[in-house]
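Student: I'd like to learn how to read helix packing and salt bridges. Can you walk me through a case?

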Amino acid sequence: MDRRPTSPSSLETHFVDIHEVLPEEKEGTMADKGEKPPKRPNKFRDMKRSQRSFSRQVSLETGFSVLNRESKAKDERRVLRRSGRSFGGFGATNRVGGDGRKGDFSIFMTKSALTKQNSSLPLRRESELDFQKNDGSGVDDSVPAGRYFAALRGPELDQVKESEDILLPKDEQWPFLLRFPIGCFGICLGLSSQAVLWRALATSPATKFLHVTPFINLALWFLALAVLLSVSFIYILKCVFYFEAVKREYFHPVRVNFFFAPWVVCMFLALSLPSILAPKTLHPAIWCIFMAPYFFLELKIYGQWLSGGKRRLCKVANPSSHLSVVGNFVGAILASKVGWQEAAKFLWAVGFAHYLVVFVTLYQRLPTSEALPKELHPVYSMFIAAPSAASIAWETIYGDFDGLSRTCYFIALFLYISLVVRINFFRGFRFSVAWWSYTFPMTTVSVATIKYAEQVPSVLSKGLAVFLSFMSSTMVLVLFVSTLLHAFVWHTLFPNDLAIAITKRKHGRDKKPFKKAYDIRRWTKQSPLSFVSAITKNNSADKGLDEQKEAEH
C-alpha cells in the first residue's frame, strides 16, 4: 500500500493518511529517497515538535469525516454543528475528539447547589457555562404563557410537539426529582376528599341505614396523611436541588393551579378528622396556618388575571383553574367550623365571584380557538368541584340547604350528568397522574348530594347519594391500584417531564407571514383607475427593461 510521508507541508492538502505509521516503515521510506535517518529518539522528538496534532471528527448528520488541526491555543478548535431535538449537554467543547457527554441537568439545579458543584471542579470552560445564554433560551427567564400552549399538548399540557426542541435529552432518563411533577398532589386531593366522604357517610342521618363504620374514615385519614407527607417531602427536595425546574412549573399555565393543592388537602384533613381524634371544636390557628399561604398565592394569581398582561385570565384559563377557586369554599367551611362566620362569608363571596368569571371564560373558549385534545377531557371534571363545594359551604355557614345552596348543587349535578353522557371523551388514552382529577370533583358532588338528602329525605335523594358515593369510591380504588402498579411494578408512572424543558422561543426559521386580512381588503377597495394605473406602470417598467437589453445586444 502506498504511504505518503507525513511532513508539515502535507497537512495543507485535503486528503491526508491519518493512520499511525510504524517506526520501521518510516525509516524505510526515508531510505528509499536517499536520506540518512537520524537516531530514533531524536527523530520522534522532532516529529512531535514539528508536526501538528490533528483529530478526526465524524458528522452525525452526513457521515463525512473532517480533519481538525489543533493549534497551540486549544480554544480555537472547530466543531461541526449537530442538528437535533435536544440541546442538553451539547456545548462547543463537549464533543471534541469524539468524547460524548450525557445531558447537562445542572441547568435546572438550584443556583447555590450549582455554585457548590462548580467550585469542586478543577476547571470549567466558559463555553459550557454560556451555552444556554448563547442559545437564547436560558432557564432563568420566565417562559411566556402562550409559549406553553404553542409548544405542548396532551394531558395537563405535558407532551412536547414534534416540531419543538427541548433543553434536555429525550432518549435518556432524567433524575427522579426532575421527573416528579407538582400534579402528584392530585393524589392527595383524591384520598383526603374520600376521608371527608366516608366521615359524612358514617355520621349523616340520611345514610344511617348503611351502618358505615367510622374506622373506614380513620384508615383513609391516616393513608391520606401518609401520602401527603411523602409527596410533600419529595417535592421539598425538588425545591432544594432543582429550584429552576420548580419555577418552570410555576410559570406553567396548568400546573400553577396545583400549587394550591397542598393547602386544600390540609384543610380536607382538618375537616375529615376522625371523631376519635377530633376535639369538640377546632382551634382557629389551624385555619390561619392552612389558609394564609393559600390566600397570599391567591392574591398573586388573581392579580395577574385582573391586571392583564401575558398571564391574564383569557390567555391562561383552563379547567384546572378551578383549583384556585375551590380552596375559597373549603376555607369557608373550615372557618365556619372554627367559629369565624364573617371570615367564612368573605371567602365564599370571593370564591363565587371568581368562579363565575372562570366558568364564563372557559365556556367561551377564549384561551385557544382550537378544541382541547382528547386526553385533556378528564380535567373537565373540575367544572363540578366549585359549584358543589359552594353549596356545601353555604349550608355550613347558614345552617340550611336553602335556595342558593340548592342552585349551586343543581348546577354541579347538571355538569356531572353532561360529562357522564359523553363517555367517549374518557376512553382511548394512557394512564397518567392526571386521572386523579376525576376523583376530587366526584367526591365533592357526592358529599353535596348527602347534604341535599338530609334536607329533602326521599328514596330518590338517598339512592342518588349512595350511587354517587359508590361511583366515587370505586374510581379512587381503581386509580389507587393502577398508580401502585405503574409506580412499583411497571415503573412507568414518572416519565421524563418534557414540559419543563421547552425553550423560551421556537428555534428555526420562521415562516413568512401571510398578508393580513385588512391589507387584502384595502387592496380590493382600491378604485379601478388606481388599479389600472398600477398595471400600466408595471408594464412600462418591463418594456423599458426589454428595450435596454436589446440595445446592449
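Tutor: Helices α8 and α9 are roughly perpendicular to each other (65 to 115 degrees; under 35 is roughly parallel, over 145 roughly antiparallel, the rest oblique). This is a predicted model, where local features need pLDDT of at least 70, side-chain atom pairs need 80 or more, and totals for chains, interfaces and linings use all residues. Residues are numbered from 1 along each chain as its sequence is written, and side-chain values use heavy atoms, without hydrogens and water.

Student: How are two packed helices described?

Tutor: By the angle between their axes and the distance between the axes. Here α8 (residues 214–241) and α9 (residues 243–251) pack at about 110°, with axes 5 Å apart.

Student: Which residues of α8 and α9 meet?

Tutor: From α8, Tyr235, Lys238, Cys239 and Phe241; from α9, Phe243, Ala245, Val246 and Glu249 (heavy atoms within 4.5 Å).

Student: And how many salt bridges are there?

Tutor: Six, counting a side-chain nitrogen of Lys or Arg within 4 Å of a carboxyl oxygen of Asp or Glu. One joins Glu249 and Lys238 at 3.2 Å, N to O. Glu249 lies in α9 and Lys238 in α8, so the pair ties together parts eleven residues apart in sequence.

Student: Are Glu249 and Lys238 buried or exposed?

Tutor: Both are buried (under 20% relative accessible area with a 1.4 Å probe, protein chains only; exposed is over 50%, partly exposed in between). Lys247 and Glu244 also form a salt bridge, at 3.5 Å, N to O. Lys247 is partly exposed at 22%, whereas Glu244 is buried at 4%.

Notes
Axes are lines fitted to C-alpha atoms, for helices over the stretch in contact, and angles run from 0 to 180 degrees between N-to-C directions. Helices (H or I, at least four residues) and strands (E, at least two) are DSSP runs, numbered from the N terminus.
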